[in-house]
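Subject: Structure handover

Hello,

Please find the structure below. Notes on what was found in it follow.

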Amino acid sequence: IDQEQQKQQTVQVEVKDSKEEQKDEENEQQENKKILAKYRGREQLMNPSVFNMRKVREAKLPSANGHASAAALAAVFDSLLETNSDLLENSILEAARQPHR
């Protein structure tokens, strides 16, 4: 009987821990929403500090996740112009340089 009681107590503790973790996650999400609320709205799209926030930089935003310095970006485009680029194979570069209709 002692083993059965121990198992029940263990299950009860695990359920309690799981519920507490869920509450903690919910509280964290609510806090994050409050913090991010001041950055909502059309006027914030032009605010450069929004895109420098860690949450935004870590988000999966295909249209906004290209973070680079001007020098690094220039180096990428420069490597695309070179004939012996380490970035892309020559066949891909030649195809990209062809006029498109």
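L88 is partly exposed, at a relative accessible area of 31%; here buried means under 20% relative accessible area, exposed over 50%, and partly exposed in between (1.4 Å probe, protein chains only). The model is predicted: local features need pLDDT of at least 70 and side-chain atom pairs count only at pLDDT 80 or more, while totals for chains, interfaces and linings use all residues. Residues are numbered from 1 along each chain as its sequence is written, and side-chain values use heavy atoms, with hydrogens and water left out.

L88 sits in the loop between α4 and α5 (90-97). Helices are DSSP runs (H or I, at least four residues), numbered from the N terminus. Together with V76, L87 and I92, L88 forms a nonpolar surface patch with about 310 Å² of accessible area. Accessible areas come from the Shrake-Rupley method with a 1.4 Å probe, and for residues only the protein chains shown count as cover.

A patch takes residues with over 30% relative accessible area and no salt bridge, joining like charges within 9 Å and nonpolar side chains (Val, Leu, Ile, Met, Phe, Trp, Tyr) within 5 Å. A salt bridge is a side-chain nitrogen of Lys or Arg within 4 Å of a carboxyl oxygen of Asp or Glu.

S79 belongs to helix α4 (residues 70-81). S79 is buried, with a relative accessible area of 15%. Leaving aside residues up to four places away in sequence, S79 touches S85 and L87 (contact means heavy atoms within 4.5 Å).

The loop between α3 (54-58) and α4 holds S69, and A59 is in the loop between α3 and α4. S69 is partly exposed at 42% relative accessible area, and A59 is partly exposed at 28%. C-alpha to C-alpha, S69 and V50 are 17 Å apart in space and 19 residues apart in sequence. For A59 and N32, the C-alpha to C-alpha distance is 14 Å, at 27 residues apart in sequence.

Regards

Note on methods. Helices (H or I, at least four residues) and strands (E, at least two) are DSSP runs, numbered from the N terminus.
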